[in-house]
Amino acid sequence: MSKRLRDGDPEIVETFTKIYGIPPATLEKLKDPKSMASYFREDIKKGMMEIGFSVDWRREFTTIDPLYNRFIEWHFQTLNRKGRITRGTHPVAWCPNDKSPVGVVDTMGDVEPDIGESYLVKFEKDGVFYPTSTLRPETVFGVTNLWVNPDASYVKADVDGEHWVVSKEAIEKLQHQNHKVAVEREIQASEVLWKTVRNPVTGNEVPVFPGSFVEPDNGTGVVMSVPGHAPYDFQALTDLRQRYDDSAEAGQLLQATTPISIIRLEGFSELPAADLIQKFKIKDQKDHHLEHATQELYSKEFHDGVMKENTGSYAGMPVAKAREAIVEELTGEGKIETFLELRNAPVVCRCGTKCLVHILENQWFINYGDPEWKKLAHKCLDQMTILTEELRAEFNYTLDWLKERACARTVGLGTKLPWDQNWIIEALSDSVVYMAYYILSKYFARDWVVFKKFEKDTSRLPDAFFNFTLLGQGTVDTVVEQTGIPKRILSGIRSEFQYFYPVDMRHSARDLVSNHLSFYIFHHSSLFPEKQWPKGIVANGFVLMEGAKMSKSLENIIPLRQGIAKFGADPVRVGVMATAELGQDTDFSESLAVSIQERLAALIGQARKLGRKKAFGKSKPSTLNRWMISRLSSAVQTATIALDRLRVREAINIILYQLDNDIAWYKRRLGPKKPRSDNRDQILRKVLETRTRMMAPLAPHTAEEIWSRIGNKGFVVQTDWPEESESEKYPTAERAEALVRQLLDDTGEILKATGITPKRIAYYTAADWKWRVYLKALKSAEEKRKQGEFIKDVMGDPQLRSLGKIAADYAAKAIQQANQMPDEMRESRLRDGIAAEKTIFVDSVDFYQREFKCAVEVWQEGDLKIGDPKGRARMSEPYRPAIYLE
Ligand SMILES: [Zn+2]
């Protein structure tokens, strides 16, 4: 980036000035890479402080500190000694400008280059080769023509002693793959168009047709056409025919070119490509469905296709097997060559240059392909907690798939390869065990007097120092002797390392699973003894902005510090966590941040109203107070479970939002403030205090403000997370409140439906005998007994029998309800037994009178002197009081 800045690249200048607001004078300094690194390091550090992260800054270091470099030297020497580093010749993604391998951290948009193999099938004419690049060399039997781009530049070149015709762009790629290439002359596409070339396998002469869809940058810019089995070719041929008159020579040549069927595929016609063109209703070459059609046919033919009789010795072979055999045979005959491509091209280096595949000779690689190392890494992974667990498959895949990886660069900042000083260890290889360095860095800074001499001359700090402190090898006395570092410091480092290692949980990003996090597993499993292998990884998603990925073009990037300045630290913290569970992308938006701001301010407002501590009054706790405490206890329980499983979104929802529903109900039930007796403020204060302790890790600044406003000393972040047992659970109180609320809702429904403004409301709870029948019915349904037995049982009760038809009718109704009831509800009602409905409603009469602004009476069916003018009481059932309005 410094280089791009020096070159005056307008894109980077705009990013720095417009998005990051860096003043021009500072911009000048950033042209030096070290200044740029330290500028952004400082900026990010301030951001972390401003957002309130609890970071132990005593351990701060950078990967260019001399002592860190010494640590990485030890790291790589140790790997090398264990045979993990190899020297060899391997393909790498490469920036031709920097003359250096590139990995995910070196590319624009952090793209991991994906190297894939393709083939060059060499068609020939008069001693000149036309190498066509393809992924499906077995289809050479079905080639009807070649395609070249009429508008592209081609060259004739000497390649490894042969004459080749390829696109101009292909030359550089061939050179990077170790071909000896000398360009002879440029040629126009017209020199080869409409001529014929010879198929190296069948010996047929096939014409060369113009195809403007051919990308000169892809492969060699020369493509073989297999219209029988490639939808693109089929459609291109169809389109081309329409442009030429049948009477002209070209038209006749096109008419004579017909698809050849060479693969049998169950459920398809002779020409599967034509079938798919029909299936996807493709109209022309620009139709984007062509890509789907191509992929579908590629995979179907690869897995289920069989080579036909016209494919010579391959006839009858499955396609997958035929491909291997053809590659082997034709390679031996010099008719086909392997060609490597970046499958996800274009991949662009941060310097702005398009990357390509380079065969790096005699270079240093970390040998992730070593089967013995893979076994260790798998063993480590198998013992780890991976959150979310779905990612484990991706880890397994990566551990299996990783091969030799170039570990050095010629550009950038970092540590020189200890045994080959021309190379710098690249950024994804020197940052996989730095967690161990956090322990060292604290001592390096604290005991500076002791360590400064090593910083001046790092070679004076021997491997024995790291071997003892990090691996427990050797003895402290020998290290004291070798280094002069006091014994207490060495022992201190060693015991601190044993305290902190293994790493319990590494929090990182999901897109690093396929590189950094897998390297982290590999390196730890090789360097450290098994008991110090990492125990867990948490991988987070991205932060989206209003549903879209943050990008310069969308102008939706908010740098962290600007976000904090605009919305406040806590709204940003809660805002990024509130919209997604672990592993998902989270969606930040301005309106969300503002609504969280308001929520947090409302909680501070509650604290202001409650003021300082007051002792609980002496009165016996009411059912309602018990209910509130019980709700608080549930909130603590569910929030604790949620946070233990890192379901932060759920925890936020409980702590910041759901509890307010309960508080609102509590206040509504209490009505206007009564003098002293109800302990209302004490209860609300207890709720807010417990809530604040749960808020502390999520919105620490707001939590501290509330904590001090309600009269607490010290910091809330230093108190413990609330235990569920601190607030008691009162299931009876919770059930009673559920009944009160249900009756309120039912009455409201009736009022709404009838439009009545009541003068008087009477509630009738069910008679005791109904409860007895009801519970018998639940029991009978639970035991799945026959209905006849249940009726017999009911009528066996003399009191019920004396009620006659009334009891029999209710029993029939009750058993029907009991049978249809969800199991869970039936169980809980059986467990609860007879509810004290009348008492509960009598205690709530004040509340109902306030709500409905009229007189409210409560009776139980069968009460003496019951006021029941319309005979409603007999309609009552357990959990369903009858309601009378007038
Ligand atoms: Zn570059």
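Helices (H or I, at least four residues) and strands (E, at least two) are DSSP runs, numbered from the N terminus. Axes are lines fitted to C-alpha atoms, for helices over the stretch in contact, and angles run from 0 to 180 degrees between N-to-C directions. The model is predicted, so local features need pLDDT of at least 70 and side-chain atom pairs count only at pLDDT 80 or more, while totals for chains, interfaces and linings use all residues. Residues are numbered from 1 along each chain as its sequence is written, and side-chain values use heavy atoms, with hydrogens and water left out.

**Two helices**

Helix α23 (residues 623–644) packs against helix α27 (residues 731–754) at about 110 degrees, and their axes are 8 Å apart. The two are therefore roughly perpendicular (angles of 65 to 115 degrees; under 35 is roughly parallel, over 145 roughly antiparallel, the rest oblique). Contact means heavy atoms within 4.5 Å. On α23 the contact includes W627 and R631, and on α27 it includes P731 and E734. The contact residues divide into 5 nonpolar, 3 polar and 4 charged. Here Ala, Val, Leu, Ile, Met, Phe, Trp, Tyr, Cys and Pro count as nonpolar, Asp, Glu, Lys and Arg as charged, and the others, Gly among them, as polar.

**Strands**

Two strands pair if DSSP finds at least two bridges between them.

| Strands | Sense | Bridges |
|---|---|---|
| β23 (residues 543–545) and β25 | parallel | 3 bridges |
| β18 (residues 408–409) and β20 (residues 420–425) | antiparallel | 2 bridges |
| β19 (residues 416–417) and β20 | antiparallel | 2 bridges |

An open sheet of 3 strands has the order β24-β23-β25, with mixed pairing. β24 (548–549) and β25 (586–588) are at the edges with a single partner strand each, so one side of each has no neighbour in the sheet. L544 stands opposite D587 in β25. Helix α21 (residues 569–577) packs on this sheet and touches β23 and β25; its direction makes about 140 degrees with that of β25.

In the other two pairs, A408 stands opposite I425 in β20, and D420 in β20 is the bridge partner of L417. A hairpin of 2 residues joins β19 to β20.
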